[in-house]
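Subject: Structure handover

Dear colleague,

Here is the structure I said I would pass on. My notes on it follow below.

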Amino acid sequence: MTISNYYVLITGASSGIGRACAELLASRGVKVYAGARKQDDINKLNKIENIIALEIDLTKQDTIDNAIDYIKTQKTGLDVLINNAGITRAGPLMELPIEDLYEQFEVNLFGLHRITKAVFPLLLESKGKIIMISSDSGFFATPFFGPYCSSKFALEGYSDSLRRELLIFGVKVVIIEPGRVNTSIWQKGEELLKILLERLKGSIFEKIAKEVGEYAIEKGKTEGLNPREIAKLVYKIIHIKEPKTRYLIAPDKLRYRLIKILPDKIIDKKFEKEFKKIK
Ligand SMILES: NC(=O)c1ccc[n+]([C@@H]2O[C@H](COP(=O)([O-])OP(=O)(O)OC[C@H]3O[C@@H](n4cnc5c(N)ncnc54)[C@H](OP(=O)(O)O)[C@@H]3O)[C@@H](O)[C@H]2O)c1
């Protein structure tokens with residue numbers, strides 16, 4: 001199959017990593033079905049060569065059904081689903097309204113399941129690939145990002161089960177675990193932090209949550225990878241016959257390797273020390 005014969009569907013293509021993937025793949029001749037929620041984003045994406053934008057809101061089954069019906073009527077088939085769309089909910093778990101946890105999982109896991117299930121018959125036909133945009137938060141649970149980390153850990157479990165279920169059917173499931181990436185997720189984080197801090201007034205967690213939140217946002221905005229780097233990796237994976245099950249992409253891979261092998265208690269001590277200083 002030549003490169004230009006590939007058809008991919010990307011969720012959350014309006015900004016950040018999804019947008020970078022849509023642009024880079026399309027510029028290299030891949031045919032991209034790009035999911036977005038807002039008409040304005042759909043219009044902008046449709047102006048790019050090799051991109052067909054489709055309204056997809058992972059919380060709305062009808063938008064998913066319509067998009068998949070459309071792809072079926074095009075008779076192009078589908079080679080790759082890139083499950084990219086995601087949101088972040090954060091804050092101390094002991095102050096977290098259950099609704100935030102529902103919202104978090106509604107998009108990052110339940111929504112992802114909705115679209116994966118809907119797309120599966122096309123991928124079965126093409127013996128295609130499902131690429132999951134997970135996160136370093138899918139194996140390293142940082143404090144005050146409990147909802148987000150829980151959803152990404154859940155995604156990792158979901159993906160491992162799915163990969164093994166599909167082994168004999170020729171559909172590959174690949175997880176990408178980016179570290180920080182400089183996208184609008186951090187601007188959205190700033191807005192969410194403001195709301196959170198209002199809610200946390202007088203809470204025992206107020207001070208630490210503020211410092212941790214501000215630190216994470218600052219780091220994401222100043223040290224995050226360019227989303228194009230993730231897009232290049234996605235492009236590579238699309239074209240590899242036997243991809244790895246997981247790809248960690250971060251500038252400080254050694255730190256993550258250490259995190260993976262160090263005993264929990266050692267990492268906990270580090271957090272404890274930092275938080276005592278703030279308290
Ligand atoms: N940035 C990072 O540091 C980082 C690191 C590791 C992993 N990730 C993961 O990378 C993925 C993309 O994040 P990003 O950093 O590129 O953030 P982003 O710029 O905020 O992009 C998120 C995308 O998801 C879409 N989305 C949100 N809710 C949706 C819903 N209900 N249905 C469909 N689409 C929805 C957004 O659409 P709207 O524009 O309509 O809201 C947007 O297109 C996420 O899964 C995130 O967890 C990010």
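In which helix is confidence lowest, and in which strand is it highest? The model is predicted, and its confidence is lowest in helix α9 (residues 253–261), with a mean of 93. The highest value, 99, belongs to strand β5 (residues 129–133). Over the protein the average pLDDT is 96, and 99% of the residues score at least 70.

The negative one consists of Glu55, Asp62, Asp65 and Asp69. Helix α3 (residues 61–74) supplies the largest share of this patch, three residues. Glu55 sits in strand β3 (residues 51–55). Its relative accessibility is 42%, so Glu55 counts as partly exposed, between the limits of 20% and 50%.

The other patch is nonpolar and is made up of Leu124, Leu167, Ile168 and Phe169, which together have about 430 Å² of accessible area. Of these, Phe169 is located in the loop between α5 (146–166) and β6 (172–178). Phe169 counts as partly exposed because its relative accessibility is 41%.

One further point concerns helix α3, which also contains Ala67. Is Ala67 buried or exposed? At 4% relative accessibility, Ala67 falls under the 20% limit and therefore counts as buried. Ala67 and Leu54 are separated by 13 residues in sequence, while their C-alpha atoms are 6.0 Å apart in space.

Regards

Methods:
Residues numbered from 1 in each chain as written. Predicted model: local features only at pLDDT ≥ 70, side-chain atom pairs only at ≥ 80, totals over all residues. Heavy atoms only, no water. Patch = residues over 30% accessible without salt bridge, like charges linked within 9 Å, V, L, I, M, F, W, Y side chains within 5 Å. Areas by Shrake-Rupley, 256 points an atom, 1.4 Å probe, with all protein chains shown as cover. Salt bridge = Lys/Arg side-chain N within 4 Å of Asp/Glu carboxyl O. Lys, Arg positive; Asp, Glu negative; His and termini not counted. Charge placed at Lys NZ, Arg CZ, Asp CG, Glu CD. Helix = DSSP H or I, 4+ residues; strand = E, 2+ residues; numbered from the N terminus. Buried < 20%, exposed > 50% of the residue type's maximum accessible area, 1.4 Å probe, protein only. pLDDT = per-residue confidence, 0-100.
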